[in-house]
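Here is a briefing on one protein model.

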Amino acid sequence: MKSQASDIENLKFKLEAKNDDIKELKKALKLRAEEVSEVNVRLGLAEKKLENASKDGDERASNVRRKLDEATAMLKKKEKDYEETMDVLQLDINTLEKEKVELKEKLKIISKKAMVEGLSKSHAFSAAMAGGSPPSGGASFTPSAPAEVRDSPLLLEQISALKQALVVTKEESWRLRCDRMKQQMASLPPLHVPRKDCSSDIVQLTKKTSALLVDLYKLSSSPKVVDITRCQPGVESATDTTSPTHQLVRAATRVVQHQRQATSLQVEIMNVLAKHRLGAQVHADFAAFPMPAVSKVLKEKHGETKCIARISLPALDATTSGKIIPLQVQPHQFRLIHDRFVC
């Protein structure tokens with residue numbers, strides 16, 4: 001009996017433990033069910049938001065598409081109305097011009113008829129006076145003058161109004177065309193502007209050329225006269241540097257130096273031009289030389305001059321009348337001369 005009672009007690013304990021486990025499982029299941037329901041609610045809200053967002057996007061797209069169609073239709077309608085208005089206005093102008101010409105022709109014919117009648121009356125009056133029978137009564141016959149051609153004020157007002165309307169429509173048409181062209185230009189890709197080639201050798205050659213031109217201008221504009229006041233007649237020293245002979249030698253030497261500088265500068269320019277052209281140089285062991293054909297072409301181009309302008313001035317005397325004086329100038333000098341004449 002004791003063993004049975006102890007077994008019963010153990011079974012009771014086990015049964016109570018099982019009941020506690022079942023209660024815990026029920027609580028966990030309830031929590032799981034609440035979580036599942038909450039997730040379902042959130043999922044439903046998300047689906048509803050997504051559906052509303054898609055509906056709003058579709059509505060916005062349809063509105064934008066509808067507005068675009070309306071704008072296109074309105075633009076086409078305005079263009080059509082503009083063309084019709086232009087045609088009507090042009091037709092009215094042509095009609096009014098024709099009426100104006102017809103009225104002028106009629107008025108000329110009427111004035112001619114009045115002039116002919118006046119001449120006939122004056123001829124009859126002169127014949128009556130020659131016959132000795134003066135005209136009865138106090139009436140006098142005088143030739144009627146031709147009437148002045150005048151346009152109708154209403155017609156002139158209509159023509160001016162039509163011209164103003166035509167000007168306004170043309171301005172509107174040009175404005176629309178300009179807007180369309182601006183949009184097309186804005187949609188084009190940007191232009192790529194290449195940089196200018198400003199290498200060091202070109203800069204050096206430019207400086208040398210400018211310096212040589214300055215020296216040549218000074219040499220030609222201020223010639224030096226040989227000073228013969230210091231020398232004595234019949235006496236000439238070989239070591240005297242102020243003698244006329246030495247002065248002439250120095251002047252000739254200076255001219256020769258300038259000629260050599262000009263020749264060397266031409267050679268350097270030809271080398272640079274040949275350097276910047278593909279296949280125009282022959283590379284040797286110690287230096288690079290321009291090809292003979294290229295050198296010949298460059299020399300021909302360098303020696304040629306082009307007439308870009310002619311300036312006519314009044315002659316001071318008969319010796320300078322009809323005389324042509326060629327003048328070689330640089331681009332900046334030509335711009336200065338042009339500015340002088342224009343301003």
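Helices (H or I, at least four residues) and strands (E, at least two) are DSSP runs, numbered from the N terminus. The model is predicted: local features need pLDDT of at least 70, side-chain atom pairs count only at pLDDT 80 or more, and totals for chains, interfaces and linings use all residues. Residues are numbered from 1 along each chain as its sequence is written, and side-chain values use heavy atoms, with hydrogens and water left out.

**Layout**

- The protein has six helices and two strands.
- From the N terminus, the order of elements is α-α-α-α-β-β-α-α.
- Val225 sits in the loop between H3 and helix H4 (244-275).
- Val225 and Leu248 are 23 residues apart in sequence, and their C-alpha atoms are 9.4 Å apart in space.

**Burial**

- Buried means under 20% relative accessible area, exposed over 50%, and partly exposed in between (1.4 Å probe, protein chains only).
- Of the 343 residues in the protein, 8% are buried.
- Val225 counts as exposed because its relative accessibility is 75%.
- Thr169 lies in helix H2. Thr169 has a relative accessible area of 13%, so this residue is buried.
- Gln333 belongs to helix H6 (residues 331-342). Gln333 is buried because its relative accessible area is 19%.

**Polar contacts**

- A polar contact is a pair of N or O atoms within 3.5 Å; within protein, one must be able to donate a hydrogen and the other to accept it, and residues adjacent in sequence count only if both atoms are side-chain atoms.
- The side chains of Gln333 and Tyr217 are joined by such a contact of 3.2 Å.
- A polar side-chain atom of Thr169 lies 2.7 Å from the backbone oxygen of Leu166.

**Salt bridges**

- Side chains of opposite charge can pair when their charged atoms come close.
- A salt bridge here is a side-chain nitrogen of Lys or Arg within 4 Å of a carboxyl oxygen of Asp or Glu. By this rule the count is eight salt bridges.
- Glu38 forms a salt bridge with Arg42, with the closest N and O atoms 2.9 Å apart. The two residues are four apart in helix H1, so about one helical turn separates Glu38 and Arg42.
- Glu38 is partly exposed at 41% relative accessibility, whereas Arg42 is exposed at 55%.
- Arg180 forms a salt bridge with Glu79, with the closest N and O atoms 2.7 Å apart. This pair links distant parts of the chain: Arg180 is in helix H2, Glu79 is in helix H1, and they are 101 residues apart.
- Arg180 is partly exposed at 42% relative accessibility. Glu79 is partly exposed too, with a relative accessible area of 29%.
- Arg175 and Asp179 meet in a salt bridge of 3.2 Å, N to O. Both lie in helix H2, four residues apart, about one turn of the helix. Salt bridges with shared partners join Glu172, Arg175 and Asp179 into one network.

**Surface patches**

- Patches are made of residues with over 30% relative accessible area and no salt bridge; like charges are joined within 9 Å, and nonpolar side chains (Val, Leu, Ile, Met, Phe, Trp, Tyr) within 5 Å.
- Accessible areas come from the Shrake-Rupley method with a 1.4 Å probe; for residues, only the protein chains shown count as cover.
- Met181, Met185 and Leu188 make a nonpolar surface patch of about 340 Å².
- Leu188 is in the loop between helix H2 (153-187) and helix H3 (200-221). Leu188 counts as exposed because its relative accessibility is 51%.
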